[in-house]
Amino acid sequence: MWYGRWGGARELNDVFLRVCRGRADGRVPVWFMRQAGRYQPEYRELRRRHSLLDICRQPSLCATVTKLPVEQLGVDAAILFSDIMVPLEPMGVRFEIREGVGPVVAEPLRDARAVAALRTLEPERDVPFVLETVERLKAELDVPLIGFSGAPFTLASYLVEGGPSRDQRETKKLMYGRPDVWHALLSTLTGAMAAYLTAQVRAGAAAVQVFDSWAGALAPRDYDRYVRPHMERLFEALRPLGVPRILFSANGGALLERFGAVGADVVSVDWRVPLDVARRRLGGVPLQGNLDPVALLAPWDEIARQVEAILAEGSGGPHIFNLGHGVLPETDPAVLKRVVELVHGKGSG
Ligand code: CP3
């Protein structure tokens, strides 16, 4: 029992945190990546008047958007509404987030000078709105709040490419051609994200998720040489905070053992690797995932079949139900709610 902002006693639903810590004794918790977003009519309405970054910078708006899916869907965790690019702006990166595309960086970083020009992130000074949002949410939510950041590789990929990229050509050219500049860039981003996530936890985040969305583009050998040392340093820096550290990647099946070895407490896997297979490869690490977001567009019987299959595949150890990637804008909110009920054992297949 704890006491919320209105002074009344509230029960904190901590099943998500217990499973993150390796206890698989009760029900399976569920939340969805991009559970706040364009599939919600309320979000679309808000976006007519405010840009994505506007919402991120206004704590009351941002907290409202973060809470909406918790209230509507009954999920077991909230994730801070923000974007992986938000902390890069005070570091001196100019970008916009283009509808249907993603982040587009005005001047891609490709040399030592551009990397050296990145400013040190001081979260209390540079992103006070994020910390204020987290503080509000901590007082108002009755489920744990997940803070997040991009992983150094995924952030570097946006910075070097200038936008989303299919083959990470410029990123790899820098990585192979100028390893000194590459490691300086990843080192700077690692330090910044460690500070950023630490500040989120101090403000009240109960867990953190590091999004390495593009790591799947790397050969395991290149991951070991160019990325892994930085991930180890990041997760080590977060360890003293004592909160669960979740690592997400899409298309990262070939790197699964590595994700387990860099220090993550929970590994989020996508639909390309069944959870029982992931469990064998990772040992006892709690798993998160792994419904294909596209499957949510299928008829209900098919969705239910897939959800049940994932619950069965995940049942050999601690499992947090989620998607393998973010909710698609064309998803029906009622379907998401039904999935939550099914996972909670209250719905019908
Ligand atoms: O509910 C949540 O999951 C929290 C909010 C969240 C957003 N971005 C808001 C957002 C989170 C966790 C992110 C992380 C993020 N941002 C990642 C890592 C996860 C992933 O999807 O791989 C990445 C790669 C980004 C960069 C980014 N920002 C992309 C690829 C896009 C989509 C562009 C598009 O229009 O499809 C964005 C924009 C963005 N960030 C939206 C949301 C809700 C789209 C909606 C909008 O523009 O309002």
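A: In this predicted model, Arg34 is found in the loop between helix H1 (15-20) and helix H2 (41-49), and its backbone has a positive phi of about 60° although Arg34 is not a glycine. As background, most residues other than glycine have a negative phi.

Some side chains here can be followed down to single atoms. A polar side-chain atom of Tyr43 lies 2.5 Å from an oxygen atom of the ligand, and an N or O atom in the side chain of Arg47 is likewise 2.5 Å from a ligand oxygen atom. For Arg38, a polar side-chain atom lies 2.9 Å from an oxygen atom of the ligand. Taken alone, the ligand exposes 870 Å², and the protein buries 91% of that.

Beyond this part, another backbone detail deserves a careful look, namely the cis peptide bond that joins Gly289 and Asn290, with omega at about -10°. Asn290 lies in strand S10, which covers residues 287-291. For the reader who meets this for the first time, most peptide bonds are trans.

Technical notes:
Residues are numbered from 1 along each chain as its sequence is written. This is a predicted model: local features need pLDDT of at least 70, side-chain atom pairs count only at pLDDT 80 or more; totals for chains, interfaces and linings use all residues. Side-chain values use heavy atoms; hydrogens and water are left out. A polar contact is a pair of N or O atoms within 3.5 Å; within protein, one must be able to donate a hydrogen and the other to accept it, and residues adjacent in sequence count only if both atoms are side-chain atoms. Accessible areas come from the Shrake-Rupley method with a 1.4 Å probe; for residues, only the protein chains shown count as cover. Helices (H or I, at least four residues) and strands (E, at least two) are DSSP runs, numbered from the N terminus.
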